[in-house]
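Student: Please take a close look at one helix pair in this model. I would like the packing first, then the surroundings.

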Amino acid sequence: MPFASVRDIQIYYEISGNGPRVLYISGTGADLRNKPNVFDSPLADEFEILAFDQRGLGQSDRPDIRYTMADYAEDAVELLKVLGWERCHIVGISFGGMVAQEIALRHAECIDRLVLCCTSSGGAGGRSYPFHEMPDLSEDEMNSLRVAINDTRHDAEWQQANPERYQAILARNAARNAGADEPGRETGAMRQLEARIDHDTYTRLPQIKLPVFIAGGAYDGIAPPANLTAIHRQIEHSKLQYFQGGHEFYDQDPMAYQRIAQFLKRELDDR
């Protein structure tokens, strides 16, 4: 298994595919052992993709110390250096989009094109759903809330009217639980959530002069459309598009990956 010594930790990573290089930065709680992942997506057919478990997650180290968004950004940039990737595209999903914003602000020289998906800038630009402040609910209530904020169409009324589809979503979510019993898992996950608290790039975003494509789900309750609009307004010449889906719109709307690929290959028109 490929590991790299990056700053103060060992990071687990995978590389696969052929084509332009893409660093893919995943979201909250992501673990490459959970399937499907980006290597099962349409992007894998057109690009060479580097993905990794971020600090606190998956098979990477989980030090019980305070993490910052700057730590996550520097981890990613150092991983690129270790692997000899001087410049590449970056696709940041949700939490990964927050990390990608920090990278663009700190290390623009290593980015060709930037895709920010279902993410937030914090501050005046709006924050993503505060998972670190989740209310003390029963398991059933928590499951219902998570489904509803992931896709606002799937509220309690929808769940009652569509029991089979609701149970299928719960089963899919439960299957994404690799390493559930591993030491330090809960601590690492909580440390990642804590890093979101101080995330605020909003006033700095105008410094980003890269080609940027901002994509989100029209029914996302975690990173609402208004948050993406705020990012778009702050980054000159950025492109913004909403798709038919919730927080995981890229798996719900077939057009999403197609448009992301077109942007990365410079095929997306400027209109």
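Tutor: In this predicted model, helix 3 packs against helix 5 (residues 163–175) at an angle of about 95 degrees. Their axes lie 11 Å apart. An angle of 65 to 115 degrees counts as roughly perpendicular, so helix 3 and helix 5 are roughly perpendicular to each other.

Now the residues. Helix 3 brings Asp140, Asn143, Ser144 and Val147 to the contact. Helix 5 meets them with Tyr166, Ile169, Leu170 and Asn173. By type, the residues of this contact divide into four nonpolar, three polar and one charged.

His154 sits between helix 3 (139–150) and helix 4 (156–161). Buried means under 20% relative accessible area; His154 has 11% relative accessibility, so His154 counts as buried. Leaving aside neighbours within four places in sequence, His154 is in contact with Val147, Ala148, Gln159 and Ile169.

Finally, the nonpolar cores. The largest has 40 residues. Leu23, Ile90 and Ile103 touch the most other members there. Take Ile103. Not counting residues up to four places away in sequence, Ile103 touches Ile25, Ala73, Ala76, Val77, Ile90, Ala108, Cys110 and Ile111.

Methods:
Residues numbered from 1 in each chain as written. Predicted model: local features only at pLDDT ≥ 70, side-chain atom pairs only at ≥ 80, totals over all residues. Heavy atoms only, no water. Core = buried A, V, L, I, M, F, W, Y, C linked by side-chain atoms within 4.5 Å. Buried < 20%, exposed > 50% of the residue type's maximum accessible area, 1.4 Å probe, protein only. Contact = heavy atoms within 4.5 Å. Helix = DSSP H or I, 4+ residues; strand = E, 2+ residues; numbered from the N terminus. Axes fitted to C-alpha atoms, helices over the stretch in contact; angles between N-to-C directions. Parallel < 35°, antiparallel > 145°, perpendicular 65-115°, else oblique. Nonpolar A, V, L, I, M, F, W, Y, C, P; charged D, E, K, R; others polar.
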